[in-house]
Structures are given as structure tokens and as C-alpha cells.
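Visitor: I'm new to this one. Could you walk me through how to read it?

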Amino acid sequence: MALLQVLSPDNNISMVLFFGTIGMLALTIGLIVFISFHQRKVIRYQQQLQKLEQDQQKTLLNASIRLQEEERQRIAADLHDDAGPLLATARLYLNENFVNLDKNTQLQSIYNAKQIIDDTIQLIRNISHSLMPPTLKNFGLESAVNDLFQKISGSGSMNASCRFHDYRERLKAETELIIFRIIQELVNNILKHSNASFIHLTQNTSGNKFFIRIHHDGRGITQTDFEKLNKSNVGLGLKNIQSRLKVLQGKIFFEKDMSQTYYKVTIEIVREEERAA
Amino acid sequence: MKLIKYIAISYLFCITCFLVSCLKNPKKALWLIFIYILCALFFDFFHEIESKEKNILNGIFTICEFAVFAYFFYLIIDIPFAKKIIPISSIVILAVLITTFIRADKKSFDSFSASLESVVVIIFCLIYFFGQISKPQTYFIYTVPYFWIVLGILIYMSSTLFLFILAGSLSQQELQKYWVITTISNIISNIIFGIGFLMNRFTIHHSISDQSSNHNDILKSP
């Protein structure tokens with residue numbers, strides 16, 4: 001009865017009331033439906049982003065494991081191909097002493113064996129230093145990087161120099177090691193791929209941030225190339241750099257210098273006390 | 001009389017849902033709504049039996065209802081800006097409602113207070129929904145009990161808004177005739193409140209930030 005009276009055309013207030021109420025209800029239902037659909041869309045998008053992040057982390061982890069295996073294989077090869085035969089030869093020389101009783105020949109064999117053992121000791125020392133440079137542990141990042149660059153310059157392949165402007169206080173040992181590995185990886189890439197004639201490293205501090213910049217005049221990559229390589233299956237070293245930087249909550253930028261003649265790599269790391277737990 | 005039966009059933013459903021779902025896991029905001037439902041039941045009962053002082057009862061109920069809803073929204077909305085605005089605006093509106101009630105003619109329905117309350121509560125509901133859709137979360141909004149409570153409030157307020165606005169232009173008999181809109185929206189909102197109370201029992205939430213922190217543990221060392 002009430003509904004029929006509401007719908008009576010003579011009753012203007014009734015019409016306003018009826019349509020107003022229906023309109024408000026329709027708006028309310030429309031709003032709720034919109035909110036539900038919008039939220040489903042947002043949640044689906046967030047889940048996709050999460051999945052992409054998971055895939056990226058999986059890729060970085062795989063790259064890290066592959067690199068570790070490659071390094072182990074290299075060490076194994078160095079020991080097997082170089083140290084092994086040297087020690088075997090030294091043993092041969094020493095064995096000869098049991099057979100040959102002539103004193104001069106014996107002395108000569110012992111001398112030869114000693115030379116070979118000295119070479120083997122040097123080889124093992126080199127392998128050990130490449131695994132964990134003692135300069136880094138004892139004297140810090142600046143000395144280790146200086147050492148590395150001096151060795152590169154000494155080899156004659158290119159002119160390598162570095163300058164630390166503000167490194168009065170050493171970072172934590174683990175942090176120095178990670179940064180050193182990143183610099184090693186970048187320098188190896190430059191040596192292998194860029195055909196550069198010089199490489200220069202500078203270190204600065206600005207506020208709570210620690211900066212390392214590497215300039216070279218060879219073929220380099222830009223930030224776009226870096227991101228593409230990171231997403232692909234190649235670029236193992238770059239993925240390793242990325243995963244190490246993630247631990248330090250750091251960033252890396254690849255770009256061409258303003259003068260368009262040099263390539264520049266900038267590493268930005270937040271100092272330990274400012275890093276979130 | 002049939003509607004009285006249905007409204008009584010809706011109140012019973014609502015109260016039962018609360019007792020079943022919320023006693024073990026009490027939340028302040030849900031307790032507030034439960035108290036509001038009991039007050040609404042009390043006022044509806046007296047509204048039916050007492051015909052002379054209906055307008056006084058309506059006026060008091062409007063003030064109490066607004067105070068409860070304002071506090072409820074203050075508890076559940078977590079937008080920092082709104083957390084400051086809601087108490088200030090609520091105090092102002094309450095002062096207006098009380099002043100209007102004291103000065104109003106008790107012989108007719110106080111249309112201004114009721115419509116003002118409806119508009120402000122609808123705005124609070126919209127602020128709540130805005131806050132929910134702008135928050136990053138991985139659970140659906142309708143799994144949250146407060147969504148249903150706010151939906152019930154919104155449906156009740158939006159259905160009765162036009163009635164309250166036009167109440168001043170209607171005679172007592174006409175108002176009595178159209179009061180069925182309030183009754184029906186009351187029944188619907190009670191059912192929705194009941195669903196909201198039941199959601200409190202059957203829902204587990206987790207935020208997107210909790211999930212992503214697990215993935216950061218994958219790469220701890222180079």
C-alpha cells in the first residue's frame with residue numbers, strides 16, 4: 001500500500017522521496033561494486049609484481065651459485081694443471097737420489113727439486129691471494145685497490161690508477177670485501193671486453209653515502225644495457241654485482257660521461273650506521 | 001506488524017552473530033557497534049510503544065547514534081589526516097546537534113539534525129573506503145569485518161537521507177507512512193552487521209609487507 005501511494009503521480013514529495021532513495025541506494029551499491037573490482041585488480045597487479053621480484057631474486061641466486069662453481073673449477077684447474085705436475089716433477093728429482101748415488105748428481109737433483117718447490121709455493125700463494133688478498137684484510141680497501149691497480153699497470157696492458165679522497169675511517173671487513181669483489185668484477189669486465197687504454201677509480205664520501213667511480217675510455221655499457229643483461233641469461237658477472245649490492249643496499253649506475261668520450265660506472269653505498277636492519 | 005516481527009528477527013540475528021563470533025576475539029570497534037545495536041533495539045521498542053514522545057526519542061537517538069558512529073570511524077580509519085579531522089568535526093557536529101535538539105520544536109520530527117547526521121556519517125563511510133583502497137594489502141576488502149559494518153551504516157544512512165530531508169515537509173501521518181523505509185533499511189543493515197560479526201571469526205589477514213620480507217632472506221650473503 002505504501003509503495004502504491006509512493007508511486008502516485010499526484011504526490012511530488014513521494015516521487016522525490018522514491019527516486020532519491022532508489023538513487024542513493026544505487027550509488028551505494030555502485031560504489032561497493034567499484035571498490036571490490038578495483039581492489040581485485042590492484043591485488044592481482046601486486047601479486048604479479050611479487051612474482052617478478054621472486055623470479056629476479058631466483059635468477060640472481062642462480063647466477064651467484066654458478067659463479068661460485070666456476071671459481072671452484074678454476075681453482076681446481078689451477079691446482080691440477082700447474083701445482084700438481086710441478087710437485088710430481090719435484091718428487092721425480094728427489095726419487096732419483098735413491099737410484100743415483102753420485103754426489104754431484106744428487107746435489108743437482110736436490111737443487112732442481114728445491115727450485116720446483118719454490119715455484120709451487122709461489123703458485124699456491126698467487127692462488128691464495130686471488131681468493132682472499134691479505135692486503136685487504138690487513139691494510140684495508142684503499143691499499144687492496146691500489147695493489148690491484150698497480151698489478152694491472154705493471155702488466156703493461158693498460159694505465160690503471162686510483163685515488164681515495166675521503167677514506168679516513170675503514171668500513172666493516174665484510175663490507176670492504178664485498179666492495180672489493182665488485183671492483184674486481186668491474187675491472188675484469190673492462191679488461192676483457194672494453195679494449196680500454198686507461199682506467200681510473202675515485203672514491204668520495206657525501207653525507208651518509210660512499211661513492212666509487214670508475215672511468216675508462218673503452219667500450220662500455222649504459223644503464224639500459226645493464227638492465228637488459230640482468231634480465232637475460234648472460235651477464236653472470238653483472239648479476240653477481242647486483243646481488244652483492246643488494247646485500248649492501250647499494251646502487252650502481254652505468255653511463256657515458258658528459259663529454260661523451262668516457263664511460264663511467266658509479267657505485268653508491270649507504271654507510272653501515274645508516275643502513276636499515 | 002509483520003515488519004516489527006522482521007525487525008525483531010534481524011536484531012536477534014545480529015546479536016547472535018556477535019555473541020558467537022566476537023566474544024572470544026573482542027575488538028573495541030565491534031563492541032561499540034554491538035552497544036549501538038542494543039541502543040537501537042531499545043529505542044525502536046520505545047518508539048513502537050510510546051507515541052507521544054517519539055520526536056524527543058528520535059532527537060536523543062540521533063545524537064547518541066552520531067556519537068557512536070563518530071567514535072567507531074575514529075577507531076577504524078587509519079589515515080593520519082582523517083584521524084585528526086574526525087574528532088574535531090565530530091565535536092562540532094555534536095554541539096550543533098545538541099543545540100538544535102534543545103531549541104527544536106518537540107512536536108515535529110527534527111529533519112535538520114537527522115539529515116546533517118546522515119550526510120556526515122556518509123562522508124565518514126566514504127573516507128573509510130578511500131583509506132582501504134589506497135592501502136597496499138593482499139587480502140580482499142570484503143574479508144574485513146569493518147567493511148560490512150560500514151556498508152550496513154552506509155546503506156542505512158543513504159536510504160533514509162531523503163526521508164529525513166523531506167520529513168519537515170511531511171505531516172505526522174505521512175511521516176508515519178514512509179517510516180517503513182527506515183524500518184526496511186534497519187532490517188537490511190542489521191543483517192549486514194551480522195555478516196560483519198561473522199567475518200570476524202572466519203578471517204585471517206596478512207599484509208603484502210609481511211610476504212615480501214620473507215623473500216629478502218633468500219640473498220643474505222654474496
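Visitor: How many helices and strands does the secondary structure of chain A come to?

Guide: Before counting, some ground rules: this is a predicted model, where local features need pLDDT of at least 70, side-chain atom pairs count only at pLDDT 80 or more, and totals for chains, interfaces and linings use all residues. Residues are numbered from 1 along each chain as its sequence is written, while chains are lettered from A and ligands numbered from 1 in the order in which they are written. Helices (H or I, at least four residues) and strands (E, at least two) are DSSP runs, numbered from the N terminus. On that basis chain A has eight helices and five strands. Along the sequence they follow the pattern α-α-α-α-α-β-α-β-β-α-α-β-β.

Visitor: In which order do the five strands of chain A lie in the sheet?

Guide: Pairing comes first: two strands pair if DSSP finds at least two bridges between them. Here the order is S1-S2-S3-S5-S4 in an open sheet of chain A, with mixed pairing. The edges are S1 (159-164) and S4 (251-256) of chain A, each pairing on one side only.

Visitor: Which way do S1(A) and S2(A) run, parallel or antiparallel?

Guide: Parallel, with six bridges joining S1(A) to S2(A), residues 198-206. By contrast, S2(A) and S3(A) run antiparallel, joined by eight bridges. Thr202(A) has Arg213(A) as its bridge partner there. Look at the hairpin of these two strands too: two residues sit between S2(A) and S3(A), and Gly207(A) takes a positive phi near 65°.

Visitor: Which strands does helix H6 of chain A touch?

Guide: A contact means that the C-beta atoms of two residues, placed from the backbone, lie within 7 Å. H6(A), residues 173-194, packs on the sheet and touches S2, S3 (209-216) and S5 (263-270) of chain A. For directions, axes are lines fitted to C-alpha atoms, for helices over the stretch in contact, and angles run from 0 to 180 degrees between N-to-C directions. H6(A) makes about 15° with S3(A).

Visitor: Which residues of H3(A) are buried?

Guide: Buried means 20 or more other C-beta atoms within 10 Å of a residue's own; exposed means 12 or fewer, and partly exposed is in between, with C-beta atoms placed from the backbone. In H3(A), the buried ones are Ser109(A), Ala113(A) and Ile116(A). An α-helix has 3.6 residues a turn, so residues three or four places apart point the same way. The cover over these buried residues includes helix H2 (12-99) of chain A.

Visitor: Is Gly194(B) buried or exposed?

Guide: Gly194(B) is buried, because 24 other C-beta atoms lie within 10 Å. This glycine belongs to helix H7 of chain B. Leaving aside neighbours within four places in sequence, Gly194(B) contacts Phe13(B), Cys14(B) and Cys17(B).

Visitor: How many residues does each chain give to the contact between chains A and B?

Guide: Chain B gives 31 residues and chain A gives 31 residues. On the side of chain B, H6(B) supplies the largest share, nine residues.
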